[in-house]
Amino acid sequence: MASTSFFDDQETRSADQRAADQSALLRSRLAAITEAPAQWREAAATVQTAADLVALPVLRKSDLSGWQKQNPPFGGIAVSNVTHVFQSPGPIYEPGSTSVADFWRMGRFLNAAGFGADDIVQNCFGYHLTPAGHMFESGARAVGAKVLPAGTGQTELQVRAAVDIGTTGYAGTPDYLKIILEKADEMGETLKITKAAVGGGALFPSLRSYYIDRGIACLQCYATADLGNIAYESPAMEGMIVDEGVIVEIVTPGTGDPVTPGEVGEVVVTSLNPDYPLVRFATGDLSAAMDGTSPCGRTNMRIKGWMGRADQTTKIKGMFVRPEQVAELVAHHAEVAKARVVASRAGEQDVMTVQIEASGGDADAYAQSVQQLLKLKGKIEVVAPGSLPKDGLVIEDQRSYD
């Protein structure tokens, strides 16, 4: 059974107390960033609460990669207590630390998943170059569990080790545990695994049901190498609870503008980690905020989990159209609330339709702006305010690639 106890009292704070605590930490973290350009520091000085973060630009992976090429390994960001340097695809380099307790804040998730001092965790995340193995190991240590640093591959040896040491918990990608279980069946072995903490891929309902049928409670988290744990499931399994060490915003893709509450948008995260501050870091993932709090008693904001990628860059008529261009189009006309580019086919040719959400306006003027900003001609459809879907898409590709 998953744990019903809390990791600490931060998880059950009132909304007002959490906002006050996080605002104080946020101001402290921003004031400590002295290596940023003067214009950024001037804007940061105006930030008093999470709602004020909109004054600061969004930081994208491409920005971070460019900084790191100019100033390796961390792009000039002031870091501290570094004991490890990791490499993610890009390449992008991330710091890690074993001198700081639970640097990536995974203990909160493992506690919610029921892991504790009586468990032996078979950690099947990779330990080489990327930090996932270390992230989950630090979380296991935070809840007092013992760890088998298994990594990936060599499934028969994984089964042998699980049997010999009595593994009770699994950490790894959602599908690899199934491979281990099937190999154990093939070898005629019975494993003692009753709980699983997974990440790094989609946990499909059918796979979760498979584990439940095997007597394994499986919960998932949403984490990245740059930010650590962002959100996690609890036994209530109603959305994902945002970690206490980050501030999450949901913004319109291609911009830093918050969406209407409940609307799908890009996940932007500010880490309150004093050893590696990342401010308004765009994950590139889509999600949406949920109303209310979890029935499990944890009171922080909830999100719906991973709902796709925000980078909707699409090639139309041989030209790339990017979310940033659509955002620029909206900003170009004060009366326009929203826009959506739809790519389709007519015969053997691409067709671009631009749906403009506005109360009136001049379709010809919109057409000129589209050609100027998107570098393509397109059909213009002016639609009533509030009529475009709230699904996070600003570029919809309706073409079939089958």
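Visitor: Which strand supplies the largest share of the lining of the largest pocket?

Guide: A pocket is found on a 1 Å grid over the protein atoms alone, as an open set of points with protein on both sides within 12 Å along at least five of seven lines; lining residues have an atom within 4 Å of a point. Strands (E, at least two residues) and helices (H or I, at least four) are DSSP runs numbered from the N terminus. Here the largest share, 5 residues, comes from β7. At least two lining residues each come from β2, α5 (132–142), β7 (217–224) and β12. This is a predicted model, in which local features need pLDDT of at least 70 and side-chain atom pairs count only at pLDDT 80 or more, while totals for chains, interfaces and linings use all residues. Residues are numbered from 1 along each chain as its sequence is written, and side-chain values use heavy atoms, with hydrogens and water left out.

Visitor: What is the volume of the largest pocket, and which residues lie nearest its centre?

Guide: A volume is the space filled by probe spheres set on the grid points, which are joined across faces, edges and corners. For the largest pocket the volume is about 1,000 Å³. Its lining has 39 residues, and Gly199, Gly200, Gly201, Tyr222 and Ala223 lie nearest the centre.

Visitor: What is the volume of the second largest pocket?

Guide: The second largest pocket has a volume of about 710 Å³. Ala50, Ile247, Val248, Glu249 and Met301 are the closest to its centre among the 28 residues that line it. At least two lining residues each are supplied by α1 (15–32), β10 (246–251) and β13 (289–290).

Visitor: How many cavities of 30 Å³ or more are found?

Guide: A cavity is a set of grid points where a 1.4 Å probe fits but cannot get out. The search of the whole structure finds 1 cavity of 30 Å³ or more, and the volume of the largest cavity is about 60 Å³. Its lining includes Pro95, Phe103, Trp104 and Arg105, and divides into 7 nonpolar, 3 polar and 2 charged residues.

Visitor: Why is strand β12 described as largely enclosed?

Guide: Buried means under 20% relative accessible area, with a 1.4 Å probe and protein chains only. Strand β12 (residues 281–287) is largely enclosed by the rest of the structure because 7 of its 7 residues are buried. Two strands pair if DSSP finds at least two bridges between them. Strand β11 (residues 265–271) runs antiparallel to β12 and is joined to it by 4 bridges, with Glu266 opposite Leu286 in β12.

Visitor: How many bridges join β1 to β2?

Guide: Strands β1 (residues 84–88) and β2 (residues 92–96) run antiparallel and are joined by 5 bridges. Gln87 has Tyr93 in β2 as its bridge partner. The two strands form a hairpin with 3 residues between them, and Gly90 in the turn has a positive phi of about 150°.

Conventions
Buried means under 20% relative accessible area, exposed over 50%, partly exposed in between (1.4 Å probe, protein chains only). Ala, Val, Leu, Ile, Met, Phe, Trp, Tyr, Cys and Pro count as nonpolar, Asp, Glu, Lys and Arg as charged, and the others, Gly among them, as polar.
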